[in-house]
Amino acid sequence: MHGTDVTAVFDLPDEAATQRLGADLAQALQPGLVIYLDGDLGAGKTTLARALIRALGHSGPVKSPTYALVEVYVVSSLYLYHFDFYRFESPEEFLDAGFGEYFNEASVCLVEWPDKAAGCVPSSDLRIRLQHAGDGRIAELAANSERGASCVRTIASIRAAGNSCATPEPR
Ligand code: ADP
Ligand code: MG
């Protein structure tokens, strides 16, 4: 799928800022969205996903899917699948695991390490790249579809209006 020109960059000076972005993203979700989370180990992908899932109303633990490969949540009448393909040795493991059926119009999929399933995992509507920047992080959002573009515009307007979510309760 072709990229759109809709992008946004946010400074995340501390963990709370990453959590706010996750909560803002929760307000911009729509069913069917596929979101890739890129970045090195420790960049904050799971931190962002955890804040998003909490902001949707999930009150239990939000584990990193590093070992289970996927964690499933049913929140705010959405099926949310949080994947982590870090441990894949080949992209075909995605097909062997039968994960394809999780990507449908009723679900939202968050995918850490999508490149480990390249060619097998469905393409993204939105790619979020987290990078270290000094002691903090920078998040770059790039939309790859109209649905992704609408998500980026919503987040940008939430933040421009100063309505960014309050920091979630500490876990
Ligand atoms: P990943 O899933 O990308 O491997 P994690 O979310 O598991 O990364 O870990 C990220 C680490 O960085 C956590 O220790 C978290 O507290 C910290 N962190 C997250 N966001 C920021 C930020 N904006 N600035 C500084 N530290 C952050
Ligand atoms: Mg992680």
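Predicted model: local features only at pLDDT ≥ 70, side-chain atom pairs only at ≥ 80, totals over all residues.
Student: Which residue does Glu 146 form a salt bridge with?
Tutor: Its partner is Arg 153, with the closest N and O atoms 3.3 Å apart, where a salt bridge is a side-chain nitrogen of Lys or Arg within 4 Å of a carboxyl oxygen of Asp or Glu. Arg 153 is partly exposed, at 44% relative accessibility.

Student: And how many salt bridges are there by that rule?
Tutor: The count comes to six salt bridges. One of them pairs Asp 38 with Arg 127, whose closest N and O atoms are 2.2 Å apart. That pair links distant parts of the chain, since Asp 38 is in strand 2 (residues 34–38) and Arg 127 in strand 6 (residues 126–133), 89 residues apart; helices (H or I, at least four residues) and strands (E, at least two) are DSSP runs numbered from the N terminus.

Student: What else does Asp 38 form a salt bridge with?
Tutor: Asp 38 also forms one with Arg 129, the closest N and O atoms being 3.4 Å apart. Because Asp 38 lies in strand 2 and Arg 129 in strand 6, this pair ties together parts 91 residues apart in sequence. Asp 38 is buried at 7% relative accessible area, whereas Arg 127 is partly exposed at 21% and Arg 129 is partly exposed at 34%.

Student: Switching to helix 4: how many residues has it, and what is its reach?
Tutor: Helix 4 (residues 146–160) has 15 residues and reaches 21 Å from its first C-alpha to its last, close to the 21 Å expected at 1.5 Å a residue, the expected span being 1.5 Å times one less than the number of residues.

Student: Which of the residues in helix 4 are buried?
Tutor: They are Gly 148, Ala 149, Cys 151, Val 152, Ile 155 and Ile 158. What covers these buried residues includes strand 1 (7–12), helix 1 (15–27), strand 6 and strand 7 (136–143). After helix 4 comes Gly 162, which has a positive phi near 70°.

Student: Last one, what are the protein donors of the magnesium ion?
Tutor: For the magnesium ion (ligand 2) they are Thr 46 (OG1) and Glu 112 (OE), lying 2.1 to 2.2 Å from it. Thr 46 lies in helix 2 (residues 45–55) and Glu 112 in strand 5 (residues 107–112), so the pair ties together parts that are 66 residues apart in sequence. Donors are N, O and S atoms within 2.8 Å of the metal (3.2 Å for Na, K and Ca), and sites may look incomplete because water is not among the atoms. Thr 46 counts as buried at 16% relative accessibility, and Glu 112 is buried at 3%.

Notes
Residues numbered from 1 in each chain as written. Chains lettered and ligands numbered in written order. Heavy atoms only, no water. Buried < 20%, exposed > 50% of the residue type's maximum accessible area, 1.4 Å probe, protein only. Contact = heavy atoms within 4.5 Å.
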